[in-house]
Amino acid sequence: QLYSFLELLIYKGLDIVTNKVTVEEQEICPHHMINYLSPLEENHHVHQFRNKALPIIEKLLNDKKMPIIVGGTNYYIESLLWNTLIKSEDVERVKQQPENLKHVKEARENKDSGVSEAEEDGEETNRPRTERDSVYQDLDTETLYKRLQEVDPVYASRTHPNNRRKLLRALEVFDVHGTPMSEIHKAQRIESPSNVGELRYPNTCVLWVQSEQSVLDDRTNKRVNTMIERGLIQELLDFHKEFNAKRTQENRELDYTTGIFQSIGFKEFHEYLILPEEEKHSERGKLLFEKGVENMKIATRQYARRQIYWIKNRLLRNKGHNYPPVYSMDSTDVSHWTEKVHDPAVQIVQDYMNGVVPQQEPLPLQEYDNGAEFNECKACNKTFVMRKEWNIHIKSAKHKKRLRSLRKRFHDTCDILDQFKEKKSMERETTLAEMTSRTANIATDSVDGVMRDCVASDISDKEAGPRDIKSLDTGTGAVNLRDMVGTSNEQSEDKGESVSDVRDKVLF
């Protein structure tokens, strides 16, 4: 029986945007974990999905039926393949460490967050996370990252600042258990050095149906075209209208990181969807529609690449023994589907059921060289938390093109600055020349004034007799002759100096 492990197929309706299996396909063999949740429900998380799925798988196994896991939501697949629960013994081991006692005390003091005893004991619950996240739901992602840096800097250095899901989870773990996520992972690695936990079902294998990248890109583009032909836009419009009515009542912002809105299509066609009906047929509406189509194709190709990266990074890296073997099936040429995909896959599964080692060799493991390393590219405004991704980025054509652009812009800016400096220098020289000229004119006027005052004073002295000369006002400030000459008019006369001699000293 097929067991869907694609996150978005859980929602009722919206069959086109989620590219859900058809009713006819579901009649061929029973499907599980499809159409059981309202798309208006935004608080459904991986642990709830896992808790609902595991009993179904156990029942199938007990009934001697083989569950086939199909899908591509990576962290949902991981929750099934491995025992990744935070166990109470791991938490208690960490809590006993002296350096973590203050964290435990802090968490217990924050009891207003509504943490249950079951959660404190390390058990997962089915209670919607919104109740636990209420203290954080109104905070932006940047603030969440800063908070995580405060309580768990080690885990923060391994987490991308924009990964809101992981930030919330790490903060939730700290609030619930009073211990940093990084310390719990450290304790878990003591038991399982592979860092993924034990395989939940040891007799597991992975069948990877792959193709050449160019063929895969072409298929994803055609898939988008087919979805649009089936009525994708009308499906988006109908749901958008229904959801916006609820959102308006609850006075909430549209969030493309939760629920059904994570599916490819809503965000890419957002500008077109919010247009008034009459504008959808305008020139602008047509441009936004074409933009949405192209963005959806790009997002689909990128998602396919992320799935491939997950398989290579999580399943084909030699990090320990708790990994299922991966067998490759080449679907590049679908005319050879039977001999290259169907028959080999059936044989491998049959060998597993019979307890026989398959004749086909699994894909070889590669040495794991992608350690955690925090790097920021200021040129491209991107953050990386893994060493390999950083090395790939700095060697990428896009990064090098950005650097060339910045260098050219830098040189152009330097040329402009040089021209600006030269212009300012010339203006400064002109200004200094003008100021010097004005100063000379002022000085000439001041000297003429001083000379007139001194001549007048000289005549007055001759007519009125000796007197003290206190100061002369030149029009630009008082000139104190006593300070400058160091003597009064009487002292000058005692030395045989006339007022004219004093005037000459002042002018000099």
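Biologist: What does L232 touch, leaving out residues up to four places away in sequence?
Modeller: In this predicted model, L232 touches I16, V17, M227, F269 and M296.

Biologist: And which residues have the most contacts inside the largest nonpolar core?
Modeller: L232 is one of them, along with L236, F239, I260, F266 and F269. That core has 29 residues.

Biologist: Which elements give two or more residues to it?
Modeller: Those are α2 (46-62), α12 (213-229), α13 (232-250), α14 (270-273) and α15. The largest share is from α13, with six residues.

Biologist: Switching to helix packing: at what angle do α2 and α3 pack?
Modeller: About 50 degrees, and their axes are 10 Å apart. At that angle α2 and α3 are therefore oblique to each other. The crossing of α2 past α3 is right-handed.

Biologist: Which residues make that contact?
Modeller: From α2 you've got V46, F49, R50, L54 and I57, and from α3 there are Y75, Y76, S79 and L80. By type, the contact of α2 with α3 has seven nonpolar residues, one polar and one charged.

Biologist: OK, how about α3 and α15, what's the angle there?
Modeller: Helix α3 (residues 74-81) packs on α15 (residues 283-315) at about 30 degrees, with the axes 11 Å apart. Angles under 35 degrees count as roughly parallel, so that's what α3 and α15 are to each other.

Biologist: Which residues are in contact, and how many are charged?
Modeller: On α3, N74, I77, E78 and L81; on α15, R306, Q307, W310, R314 and L315. Three are charged, four nonpolar and two polar.

Biologist: Is that crossing left-handed or right-handed?
Modeller: Right-handed, for α3 passing α15.

Notes:
Residues are numbered from 1 along each chain as its sequence is written. This is a predicted model: local features need pLDDT of at least 70, side-chain atom pairs count only at pLDDT 80 or more; totals for chains, interfaces and linings use all residues. Side-chain values use heavy atoms; hydrogens and water are left out. Axes are lines fitted to C-alpha atoms, for helices over the stretch in contact, and angles run from 0 to 180 degrees between N-to-C directions. Helices (H or I, at least four residues) and strands (E, at least two) are DSSP runs, numbered from the N terminus. Angles under 35 degrees count as roughly parallel, over 145 as roughly antiparallel, 65 to 115 as roughly perpendicular and the rest as oblique. A crossing is left-handed if the near helix is turned anticlockwise from the far one by less than a right angle, and right-handed if clockwise. Contact means heavy atoms within 4.5 Å. Ala, Val, Leu, Ile, Met, Phe, Trp, Tyr, Cys and Pro count as nonpolar, Asp, Glu, Lys and Arg as charged, and the others, Gly among them, as polar. A nonpolar core is a set of buried Ala, Val, Leu, Ile, Met, Phe, Trp, Tyr and Cys residues joined through side-chain atoms within 4.5 Å. Buried means under 20% relative accessible area, exposed over 50%, partly exposed in between (1.4 Å probe, protein chains only).
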